[in-house]
Amino acid sequence: MADDSPPGAPDPAAHPQPVNPQSGPPSLGGPGSEPGAHVLPDTVAPDPVPPYPVATDAAAPIPGRRIGWRRWLPIAAVITLIALAAVGMLIFLGYSLGITGLAIGLTAAILPVPLLASAFAWLDRYEPEPVKYLVFCFAWGAAVATAVALLVNTGAAYLFSELGLPDALVAVLIAPFIEESMKVLGPLLLFWRRRAEWSGITDGIVYCGLSALGFAMVENVLYLGGHGYAAGVDQYGPATGLQNVFLIFIVRILFTGFAHPLFTSMAGIGLGIAARSADRTVRWLAPVAGLLAAMILHGLFNLLPTLTAATGEMLIMLYGYLGFMVPFFFAVVGFAVALRSWEGRLAERTLHHYVQAGWFAPPEVASLASLGRRHSARQWAKRVAGPAGHRAMRSFQFASTRLALLRDGMQRGLEQHPRELERARAEEHELLAAITGYRSVFAGRDPQTPPAWWDGQSYRITFPDGVVRSVAPPPEPVMPVPMRLAPPPIYPAYGGYPGQQPGYPPPFPPAPGSPPPFPQAPGSPPPLRGSYPDPWQPPQR
C-alpha cells in the first residue's frame, strides 16, 4: 500500500557518518552541523549501525528461506508451465480463428487492459507490490487458467451433449467452478510461497483482479476473433466481421468488462482477510468463503443470458444487469476505495509507538496519512534537497509503510513461530536503519525551518534569541515536514534479543513469563535516556 516503490538504498557516500551524541547536539541543525540520524556512542557500540542497510546484511540469507536449486526449481517449474500454456493457447487460437481473426481479436481485447490494470495500480499506491508478482498473476490468468478452463469446458460440453443435456448448462454449472478455481490458483500459490507480500485485503483484490483481467483478455480474444470476426466473414464477408467485432466489443468490454475481476475479487478479499488474521479457523474459512462467493456470482451472471435465451424475455437480462450486477459492482468499488483509505492511515494508528520512543517525529507520521500529504512531503524534500531528497523521501515513505505493516502484524499475532519472530525483528532493525538513512538526506536542509529536533516527548526548538526551548506537539499534527530526531535510547552492548545489534531498543515486547530482554550486568552503567517505552502500552501523558 507506499505510493511509490523504493528506488533502493541511498548512496553511502551521500550520507554523513554517525557522530558521538555525547560530544554535542549536532542534530540541532545549526551552521556547519551535519544532518543528524540515530547514532550510538563509541563507548557503547564500537561498530555503530550505519544509517542505511549495508550490502553484507542485505546479502545474508534469511533464516528458513531455501537457497540454491531448492528455491529456484519451483520458480522455474511455474515459469515453464506458464510459457507452455501461453504457447499452447496461441497455437490453438491461431488455428481456430485464423491469423487475421487472431490479430483483430487480440488487438481489440488488449485495448481495455492498460486502463483496468492502471485502476488496480491506483488502488495499490500506498504499498505497491513487486511488478514481477503482478506480472505473474496476470500471466497465470491469461495462459494457465484459460487453457485449463477451455479444456474442461469443452469436455463438459461434449459430455452434456452425449447425455442429451443443453450446452447452456455448462456456462451455469461448470464454467463458474473451473474458471474461478483456476483464476484464484495463481494468487493462491503466491499467497503460499510469498506470504510476506500479502499485506491485506487490498493486495488480495489486486492480485486476484489482475489474474482475472488476464483471463478476461484471452476470453475476449475468443469472442471477438471467433464469434465476431471469423463468424461474420464466413457468413457475409469482412465488413460483417468487423461490425460483429464492434458490437461484441461494446457488450463484452464496455458493459460487462468488469465481470471477471469483480467475481474473482471476492476470493481476493477472502485471501486478504486470511493474510491479516491470527485465527487459524479464519485463515482456512475466509479463502473458501471468498471462492464460493466468486463462483456463485459468476454462475448468476451466466444464468441471466441463459434464461433470456430460453424464455425470449430480454427484461430478465436487463433487470438482472441493472438491478443487481451494476449496483453490486459500485458497492465493491466503494468498499475498495474506502478500504484503501483506511489502510493508508495504518501508519497513524501504528507508528505512534515509535514516536514515543523517539524514532519518528509527529509531523513525519502525519505526512504518511494520505496520498496528498505524501506528495506534499516529496515536493518539500525536492525543494530543500533536490532530486536526491525526492528519492529519499519516497523511499522513506515506503519503508515507513512497511514498518507500520510489520508492527501491525506483530500486534495481531501473525508471527508466532520463533523463526518468524526472529525474522520480523531483523526486518524491523533493517527498516529503522534504512529510515534513518533516508531521513538524513533531507532533514535539516530547509533554511526556513528553525533548528529543531524531536526527543520522543516534545519538540526542542532553537529560537532566534539562541535559546533552546521545549514545545509540546499539537494533538493532531498535520504539517508534512519531517524534522530530525534526537539520538534514540542507548542500551548496554550486552544482552538483547538474538541477532539484535547492540544499542538498539527492543523491537517487540517479550513473551509473558520470559526474562527481561536486557539484563543489567553488575556494575554496568544505566541507559542514557531511561527505559524504552513498551509499544504495547498507551503513551503516558
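1. A word on terms first: buried means under 20% relative accessible area, exposed over 50%, and partly exposed in between, with a 1.4 Å probe and protein chains only. By that scale, phenylalanine 360 is buried at a relative accessible area of 0%, and tyrosine 354 also counts as buried, at 1%.

2. Please keep in mind that this is a predicted model, where local features need pLDDT of at least 70, side-chain atom pairs count only at pLDDT 80 or more, and totals for chains, interfaces and linings use all residues. Residues are numbered from 1 along each chain as its sequence is written, and side-chain values use heavy atoms, leaving out hydrogens and water.

3. The structure holds eleven aromatic pairs (rings of Phe, Tyr and Trp, the last by its six-membered ring, with centres within 6.5 Å; planes under 30 degrees apart are stacked, over 60 edge-to-face, the rest tilted). One of them joins tyrosine 354 and phenylalanine 360: their ring centres are 6.4 Å apart and their planes at 70°, so this pair is edge-to-face.

4. Phenylalanine 396 and phenylalanine 442 are edge-to-face too, because their planes stand at 90°, with centres 5.8 Å apart. Phenylalanine 396 is buried at 0%, and phenylalanine 442 is likewise buried at 0%.

5. Do look at the cluster: Tyr354, Phe360, Trp380, Phe396 and Phe442 form one aromatic group.

6. Which charged end sits over the ring of phenylalanine 360? That of arginine 439, 5.7 Å from the ring centre (the criterion is NZ of Lys or CZ of Arg within 6 Å of the ring centre and within 35 degrees of the ring normal). Lysine 183 is placed likewise over phenylalanine 215, at 5.3 Å.
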